[in-house]
Amino acid sequence: MEDEHAILALAALAQLTRLQAFQALVKHEPDGVAAGDLARLLAVPQNTLSSHLAILARANLVIAQRHSRSIIYRANLSEFQKVALFLLQDCCGGRPEVCAPLIESLAPCCPPKTKKEKSRA
């Protein structure tokens, strides 16, 4: 990832409403949220939210898909992963003990299901 792209993504998240919108979209993965529902969820006027979502979309952090009359927004988690990895690149300078606590804290709160667990569901 280039520095300019990382700066664009970080700048997009450096505003409270955009950060809250992105966090809400992450919580609603993989289904996404309709724009109007997201505006109500965040208690933000729809036109204001639309501007914020456009900034997040330009930073490639959200994806919009039209479904009938609604636009469904989803967090672009693969792009966010690239930003996070860009920030952590070479974090330990060749000393894994420095990064170990950070890596452990990044363990997902909801680990992926194993094949056996999926077949039971």
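Me: At what angle do helix α1 and α5 pack, and how far apart are their axes?
Reply: In this predicted model, helix α1 (residues 3–13) and α5 pack at about 110° with axes 10 Å apart, where axes are lines fitted to C-alpha atoms over the stretch in contact and angles run from 0 to 180 degrees between N-to-C directions. That makes α1 roughly perpendicular to α5, a term covering 65 to 115 degrees.

Me: Which residues make the contact?
Reply: With contact meaning heavy atoms within 4.5 Å, α1 contributes D3, H5, A6, A9, L10 and L13, while α5 contributes E79, F80, V83, F86 and L87. These divide into eight nonpolar, one polar and two charged.

Me: Switching topic, how many aromatic pairs are there in the whole structure?
Reply: The search finds one, taking ring centres within 6.5 Å as the criterion for a pair.

Me: Why is the pair of F22 and F80 called tilted?
Reply: The ring centres of F22 and F80 are 5.3 Å apart and their planes stand at 45°, so the pair is tilted, given that planes under 30 degrees apart count as stacked and over 60 as edge-to-face.

Me: And where do the two sit in the chain?
Reply: F22 belongs to helix α2 (residues 16–27) and F80 to helix α5 (residues 77–88), 58 residues apart.

Me: Buried or exposed, F22?
Reply: F22 is buried at 5% relative accessible area, whereas F80 is partly exposed at 33%; buried means under 20%, exposed over 50% and partly exposed in between, with a 1.4 Å probe and protein chains only.

Me: Which conventions apply to numbering and side chains?
Reply: Residues are numbered from 1 along each chain as its sequence is written, and side-chain values use heavy atoms, leaving out hydrogens and water. Local features need pLDDT of at least 70 and side-chain atom pairs count only at pLDDT 80 or more, whereas totals for chains, interfaces and linings use all residues.

Note on methods
Rings of Phe, Tyr and Trp (its six-membered ring) pair if their centres lie within 6.5 Å; planes under 30 degrees apart count as stacked, over 60 as edge-to-face and the rest as tilted. Helices (H or I, at least four residues) and strands (E, at least two) are DSSP runs, numbered from the N terminus. Angles under 35 degrees count as roughly parallel, over 145 as roughly antiparallel, 65 to 115 as roughly perpendicular and the rest as oblique. Ala, Val, Leu, Ile, Met, Phe, Trp, Tyr, Cys and Pro count as nonpolar, Asp, Glu, Lys and Arg as charged, and the others, Gly among them, as polar.
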